[in-house]
Amino acid sequence: MGRARVVRQPWLLLWPLGSAPARRLRPVPEQPSFLRRAAVRAERTVHSSRMSSHCHTSAVLVVFMALAAGVGAEPLSEKSCDVVGDESTESQMEKALLKKLEPLSQIRFNTTVEIGTTENYAYHFRVCREVNSSLHDFAGLVQMDRQSGKTTVIGRINETQVFNGSDWIMLIYKGGDSYGRHCSGEKRRAVIMISCKRGITASSFSIISEEREKEQDCFYLFEMDSSVACPAEDSHLSTGSILLITFSALVTVYIVGGFLYQRLIVGAKGMEQFPHFAFWQDLGNLVATVSWIDLPQCTLWEKKVSILF
């Protein structure tokens, strides 16, 4: 018998390990079940951590955007009265009066008037503030036709005049909408008389009249009551009252301070706690003695007088 010949196949040795023939030649052992479960848990943990990281990043971005929007937004401030004239020529007295009217700036005033069946108006007024700040039209007093809904600006706060008397303040808004057929077509003007009424911040806003039959200088006249128009009250204390108050305060300090000193420092008890008790006791005895000596003489003098008359 002849010897068997072994034929080598070198292409099997050069085949990649990951190919199908290699897998058939070298089978991969199956992993235990606990290793597979551990691998699944690890994969889920990594996935959830990635999602939480994305959520955290998104939340941080939202917070920064909100902060940027808050910093960039400017606080809205309402316009206030501007006295007629250049800033360099504005009266200091008018500025002081406008500051005095500041407590009324947050109050809205309304009144209505009906003339016959053809005229029915509502008036809206604010002290040194716009009636409707969203319009940015400086309107401080407006008239609204309740039948047609038409709105007319009577006066604007950027053309303000103000002056006062002993117990009143006159506030004037100029630059309103122009008249049509009246007053030569000039711009409307509102005059508000604020009278003194103590104890009341503001009340009784009403329209008195509308002067529109002239060729010029027409106006709407309003009135209201407020304590801001009242003068400062004087104390009216006389010299005697001031001296009496000062004396009473000194006596109170003397008695209370002396009592505390005698009780806490000296350790006195009873009537001896009164400051300088011995001095005041001797003074009282002396007054009583003098009064007892003079009493008979006064009685004798009264008898002599009665005899003469």
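How many bridges join β1 to β2, and in which direction do the two strands run?

1. Basis of the note. The model is predicted, and local features were considered only at pLDDT of at least 70, side-chain atom pairs only at pLDDT 80 or more, while totals for chains, interfaces and linings use all residues. Residues are numbered from 1 along each chain as its sequence is written, and side-chain values use heavy atoms, with hydrogens and water left out.

2. β1 and β2 run antiparallel and are joined by 8 bridges; two strands are taken to pair if DSSP finds at least two bridges between them. Helices (H or I, at least four residues) and strands (E, at least two) are DSSP runs, numbered from the N terminus. T112 has A122 in β2 as its bridge partner. The two strands form a hairpin with 3 residues between them, and G116 in the turn has a positive phi of about 65°.

3. Nonpolar core. A nonpolar core is defined as a set of buried Ala, Val, Leu, Ile, Met, Phe, Trp, Tyr and Cys residues joined through side-chain atoms within 4.5 Å. Buried means under 20% relative accessible area, exposed over 50%, and partly exposed in between (1.4 Å probe, protein chains only). The largest such core has 32 residues, and those with the most contacts inside it are L101, F125, L141, L171, Y173, I192 and F222. Two or more residues of this core come from each of α4 (92-100), β2 (119-126), β4 (151-164), β5, β6, β7 and β8. Beyond its neighbours within four places in sequence, L101 is in contact (heavy atoms within 4.5 Å) with V127, V162, I169, L171, I194 and V228.

4. Aromatic pairs. Rings of Phe, Tyr and Trp (its six-membered ring) pair if their centres lie within 6.5 Å; planes under 30 degrees apart count as stacked, over 60 as edge-to-face and the rest as tilted. The count by this rule is 10 aromatic pairs. In one of them, the ring centres of F109 and F205 are 5.9 Å apart with the planes at 50°, so this pair is tilted. Because F109 belongs to strand β1 (residues 108-115) and F205 to strand β7, the pair ties together parts that are 96 residues apart in sequence. F109 is buried at 7% relative accessibility, and F205 is buried at 9%.

5. Y123 and F222 form an edge-to-face pair, 5.4 Å centre to centre with 70° between the planes. This pair links strand β2, which holds Y123, to strand β8, which holds F222, across 99 residues. Y123 is buried at 3% relative accessibility, and F222 is buried at 0%. Ring pairs link F109, Y121, Y123, F125, Y173, F205, Y220 and F222 into a cluster.

6. Charges over rings. The criterion is NZ of Lys or CZ of Arg within 6 Å of the ring centre and within 35 degrees of the ring normal. K79 lies over the face of F138, 5.4 Å from the ring centre. R188 places its charged end over the ring of Y179, at 4.5 Å from the centre.

7. Most residues other than glycine have a negative phi. S184, which is not a glycine, has a positive phi of about 55°. S184 lies in the loop between β5 (168-175) and β6 (190-196) and is exposed, with a relative accessible area of 57%. D217 likewise has a positive phi, near 60°. D217 is found in the loop between β7 (203-211) and β8 (219-226) and is partly exposed, at 43% relative accessible area.
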